[in-house]
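Dear colleague,

My notes on what was found follow it.

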Amino acid sequence: MTGAWLARTQARFEHLGRIMRCVGCDRCKLWGTLQARGFATAVRVLLADADGPAPALTRQEAVALVVTLERLSASLAFVRELL
């Protein structure tokens, strides 16, 4: 991945964070921010150097990643039931 692509992706996640801060519903703001951080953490982990050490995650990043993965898996299970 190029540095320009990473910079654009980071800028998009930051923009998404600014949008989420403007949401009126506190519950929606919390879940949206948590999931955005989870996706950003997932991208960072996936793009980490495969030969280097695993990226260190903060407690907030780890929680956001686990919560986002749980929400995605629940959504996939729901879709599987529909089919």
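Helices here are DSSP runs of H or I with at least four residues, strands are runs of E with at least two, and both are numbered from the N terminus. Please bear in mind that this is a predicted model, in which local features need pLDDT of at least 70 and side-chain atom pairs count only at pLDDT 80 or more, while totals for chains, interfaces and linings use all residues. Residues are numbered from 1 along each chain as its sequence is written, and side-chain values use heavy atoms, with hydrogens and water left out.

Thr68 lies in helix 3 and is buried at 4% relative accessibility, where buried means under 20% relative accessible area, exposed over 50%, and partly exposed in between, with a 1.4 Å probe and protein chains only. Leaving aside residues up to four places away in sequence, Thr68 touches Leu34, Gln35, Gly38 and Phe39, a contact being heavy atoms within 4.5 Å.

Glu61 is also placed in helix 3, which covers residues 59–82, and Glu61 is buried, with a relative accessible area of 17%. With residues up to four places away in sequence again not counted, Glu61 touches Thr41, Arg44 and Ala56.

As for the cysteines, a search of the whole structure finds zero disulfides, a disulfide being a pair of cysteine sulfur atoms within 2.5 Å. For Cys22, the nearest cysteine sulfur is that of Cys28, 14 Å away, whereas for Cys28 the nearest is that of Cys25, 3.4 Å away. Cys22 is exposed, at 67% relative accessible area, and Cys28 is partly exposed, at 43%.
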